[in-house]
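User: Please take a close look at the aromatic ring pairs here. After that, walk me through whatever else you can say about the local details, in one go.

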Amino acid sequence: QALAVYGAGSPGLAVVVVRDGRILHAKGYGTANLEHSVPISTKTRFNMGSIGKQFTAMAVVMLADQAKLSLDDDVRMHLPELNVWKAVTLSQRLSHTSGSRDTWGLTGLAGRQAGDPMRYETVRDLLLRQKGLGFEPGSKFEYSNGNYGLLAEIISRATDQPYREWFEENLLRPLGMTDTVVTDTLGEVIPNRASSYESENGVWQEEVLQTSIYGSSLGYTPIGDLALWLDNYRTAKVG
């Protein structure tokens, strides 16, 4: 009954309920695109946002298992151009205890605003130009998208593959997540993509997302694929 509020003319969501690998309920509620009155379905792809960090973390641990890197490695072993004043381990980046500054603070200082088109390469280069850290590594927790932005670059260098290619071959396809799209190209056309909205004085306005920043995010996925990812925590089919 609570989900009934998401009707035609309102942005909404998709819900999936999984038990022991079996989908008990899967349904879309509300509208994926208000301009064209497209309803949300189980095939609608949503921006994963920071859920993508789970995938990046899984990749780093998988590569550690393959001895392509170590969680105790100093980040500068993989990114020698990073000119920070203290050793920072991959583990500290994974756990947001590295002292690395957040992506959005750096882009703001560079004159970028929310909603501006943003490519991964632009963010990566800003992160690599850091000359110091916000605090002593390991001394406290501070959530930072910058941690995962640079982990994405480390994954690419350790595997000698583009981030998207490695993920598709080693995580998404083995899990059957064939409808998930890793966004590494600005402006890429993504079928069945849900638009994002915010309410301004009771009026819906589109929140335009013009980014291809992976590592801290990943891309777009429908609930069926996300159910496969969640079930992997139970089965350990991959990783």
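**Ring pairs and some other spots**

Let's start with Tyr214, which is buried at a relative accessible area of 9%. Buried here means under 20% relative accessible area, exposed means over 50%, and partly exposed is in between, with a 1.4 Å probe and protein chains only. Keep in mind that this is a predicted model, where local features need pLDDT of at least 70 and side-chain atom pairs count only at pLDDT 80 or more, while totals for chains, interfaces and linings use all residues. Residues are numbered from 1 along each chain as its sequence is written, and side-chain values use heavy atoms, leaving out hydrogens and water.

Searching the whole structure turns up six aromatic pairs. In one of them, Tyr120 and Tyr214 are stacked, 4.1 Å centre to centre with 20 degrees between the planes. That pair ties together distant parts of the chain, since Tyr120 sits in helix α4 (residues 120-128) and Tyr214 in the loop between β10 and β11 (219-221), 94 residues apart. Tyr120 is buried too, at 1% relative accessibility.

Trp229 and Tyr233 make another pair: the ring centres are 5.7 Å apart and the planes sit at 75 degrees, so this one is edge-to-face. For the record, rings of Phe, Tyr and Trp (its six-membered ring) pair if their centres lie within 6.5 Å; planes under 30 degrees apart are stacked, over 60 edge-to-face, and the rest tilted. Both Trp229 and Tyr233 belong to helix α7 (residues 223-235), four residues apart, or about one turn of the helix. Helices (H or I, at least four residues) and strands (E, at least two) are DSSP runs, numbered from the N terminus. Trp229 is buried at 1% relative accessibility, whereas Tyr233 is exposed at 53%.

Ring pairs also join up into a cluster, made of Tyr120, Tyr163, Trp166, Phe167 and Tyr214.

Staying in helix α7, Asn232 lies there as well, and it is buried at 5% relative accessibility. Gly49 gives another C-alpha separation: 22 Å to Val38, 11 residues away along the chain. Gly49 is in the loop between β5 (46-47) and α1 (52-65) and is partly exposed at 24% relative accessibility.

Now for some backbone angles. Ser37 isn't a glycine, yet it has a positive phi of about 55 degrees. You'll find Ser37 in the loop between β3 (31-33) and β4 (38-39), exposed at 58% relative accessibility. His96, again not a glycine, has a positive phi of about 60 degrees. His96 is in the loop between α2 (90-94) and α3 (103-109), but it is buried, with a relative accessible area of 7%.

Last stop, the surface: Glu35, Glu198, Glu200, Glu206 and Glu207 form a negative patch. Patches take residues with over 30% relative accessible area and no salt bridge, joining like charges within 9 Å. A salt bridge is a side-chain nitrogen of Lys or Arg within 4 Å of a carboxyl oxygen of Asp or Glu, and the place of a Glu charge is taken as CD. Glu207 is in the loop between β9 (203-206) and β10 (211-212), partly exposed with a relative accessible area of 33%.

Key
Patches are made of residues with over 30% relative accessible area and no salt bridge: like charges are joined within 9 Å, nonpolar side chains (Val, Leu, Ile, Met, Phe, Trp, Tyr) within 5 Å. Accessible areas come from the Shrake-Rupley method with a 1.4 Å probe; for residues, only the protein chains shown count as cover. Lys and Arg count as positive and Asp and Glu as negative; His and the chain ends are not counted.
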